[in-house]
Amino acid sequence: MYNKSTLIQKRGYSCHFYRLKNIPMTHPKNNLSYKGAIGVFDSGYGGLTILDKIRKQMPEYDYIYLGDNARTPYGPRSFEVVYEFTLQAVKKLFELGCPLVILACNTASAKALRTIQQTNLPTIDPTRRVLGVIRPTVECIGELTQSRHIGLLATTGTIKSESYLLEIQKLFPDISVVGEACPMWVPLVENNEYHSQGADYFVQKHIQQLLDKDPKIDTIILGCTHYPLLIDKIKEFTPPHIRIVAQGEYVAQSLQDYFKRHPEMDDRCTKEGTCRFLTTESETKFEESASILLHQENIQVERIILE
């Protein structure tokens, strides 16, 4: 096992940097008696929009946020790579004692969630849970659209997975869905360019292309947790009669409902109102961006390696 000083000496890092591979599980496997924080994972900063809404509705719970900023974006990556990276993150959060992990990333939810739930959880620890953000978003759509024509703005990976289309068809077979991949939107957010004039071109371009595909659209899903950070520009270029659906509040409400249906899991989530932040990128960079996005100062961040 590497300790912190060994890693800093071997790799030349001056920041807190931890390997994950040899960290033991914090709690015994398959033990329903242990408790821990709720884990929230995203490929970068976008999941902070989900975390923010969850914490506002459920401030008493403890949270651990993990952003894989060093390997973002996930959208263009293959199913195999997204699954591999997501599983590494889930295992890390389990090692830190989280009984429940939220994949606050649409690409991870689309490409990795089902395999992790069906294949990995039974062998890692069947008492733990991993939940995504697509299903909670889809469940609200039926009440929001009048024309029964909705648009989806998402990453290339989420669009290609057809996860939203399949889920919507299951619940609302009368709704027509068209999607538009926005490959530049996540880099704009990750590089703090989402307020720049340069972002206008890419936002306007993809919204227009989406509406050209189906002029009857009256509801647009922001199918990436990064996209609410572009909400001002999205609203600027979207006709006012079209409803824009960001995921945060729906995911937060769905989590509350989940705990009501599963009080045994609610009991296992600790409630001291704390939040811990982990990133695979620069601590300083993450702290600066997270402080702006969460309107919170003095965020303590730890840098880690996922493998």
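What follows is a working chat about a predicted model of one chain.

Biologist: What is the average pLDDT of the chain?

Modeller: The average is 89, and 89% of the residues score at least 70. The model is a predicted one.

Biologist: Where does pLDDT stay under 50?

Modeller: Over residues 1-28. The model has 52 contacts beyond four places in sequence for that stretch. Where pLDDT is low, the predicted coordinates should not be read in detail.

Biologist: Fine. How many helices and strands in the chain?

Modeller: There are 14 helices and eleven strands. The chain has 307 residues, of which 55% count as buried. Among contacts with a separation of 6 or more, 79% are between residues 24 or more positions apart.

Biologist: Core next. Which residues touch the most other members of the largest nonpolar core?

Modeller: Ile38, Leu48, Leu153, Trp185, Phe259 and Phe277, out of 49 residues in that core. Helix H12 gives the largest share, five residues. Apart from this core lies another, of 27 residues, with Ala89, Val90, Leu278 and Ile304 among them.

Biologist: And what does isoleucine 38 touch, leaving out residues up to four places away?

Modeller: The list is Tyr61, Asp62, Tyr63, Ile64, Cys98, Leu100, Ile102, Leu255, Phe259 and Cys269.

Biologist: On to H3. What end-to-end span should its 17 residues give?

Modeller: At 1.5 Å a residue, helix H3 (residues 79-95) should span 24 Å, and its end C-alpha atoms are 24 Å apart, so the two agree. Its buried residues include Val82, Phe85, Leu87, Val90, Leu93 and Phe94. Gln88, Lys92 and Glu95 are also buried. Just after H3, glycine 97 has a positive phi of about 100 degrees.

Biologist: Which residues other than glycine have a positive phi?

Modeller: Arginine 148 is one, with phi near 65 degrees. Arginine 148 sits in the loop between helix H6 (134-141) and strand S6 (149-154), and is partly exposed at 22% relative accessible area. Histidine 295 is another, with phi near 55 degrees. Histidine 295 is in the loop between H14 and strand S11 (301-304); its relative accessible area is 70%, so it counts as exposed. Most residues other than glycine have a negative phi, and most peptide bonds are trans.

Biologist: Then where is the cis peptide bond?

Modeller: Between threonine 72 and proline 73, with omega about 0 degrees. Proline 73 lies in the loop between S3 and H3. The C-alpha atom of threonine 72 is 8.2 Å from that of proline 187, 115 residues apart along the chain. Proline 187 is in helix H9 (residues 185-190) and is partly exposed at 22% relative accessibility.

Biologist: Aromatics now. How many pairs does the structure hold?

Modeller: Ten aromatic pairs. Tyrosine 65 and phenylalanine 277 form a tilted one, 6.4 Å centre to centre with 50 degrees between the planes. Tyrosine 65 is in strand S3 and phenylalanine 277 in strand S10, 212 residues apart. Both tyrosine 65 and phenylalanine 277 are buried.

Biologist: Which edge-to-face pair can you give me?

Modeller: Tryptophan 185 and tyrosine 227, at 4.8 Å centre to centre and 70 degrees between the planes. Tryptophan 185 lies in helix H9 and tyrosine 227 in the loop between strand S8 (219-222) and helix H11 (231-236), so the pair ties together parts 42 residues apart in sequence. Tryptophan 185 is buried at 0% relative accessible area, and tyrosine 227 is buried, also at 0%.

Biologist: Which residues do ring pairs link into a cluster?

Modeller: Tyr45, Tyr65, Phe277 and Phe286.

Biologist: Last one. How many disulfides?

Modeller: The count is zero.

Key:
Residues are numbered from 1 along each chain as its sequence is written. This is a predicted model: local features need pLDDT of at least 70, side-chain atom pairs count only at pLDDT 80 or more; totals for chains, interfaces and linings use all residues. Side-chain values use heavy atoms; hydrogens and water are left out. A disulfide is a pair of cysteine sulfur atoms within 2.5 Å. Helices (H or I, at least four residues) and strands (E, at least two) are DSSP runs, numbered from the N terminus. The expected span of a helix is 1.5 Å times one less than its number of residues. Buried means under 20% relative accessible area, exposed over 50%, partly exposed in between (1.4 Å probe, protein chains only). A nonpolar core is a set of buried Ala, Val, Leu, Ile, Met, Phe, Trp, Tyr and Cys residues joined through side-chain atoms within 4.5 Å. Contact means heavy atoms within 4.5 Å. pLDDT is the predictor's confidence in each residue, from 0 to 100. Rings of Phe, Tyr and Trp (its six-membered ring) pair if their centres lie within 6.5 Å; planes under 30 degrees apart count as stacked, over 60 as edge-to-face and the rest as tilted.
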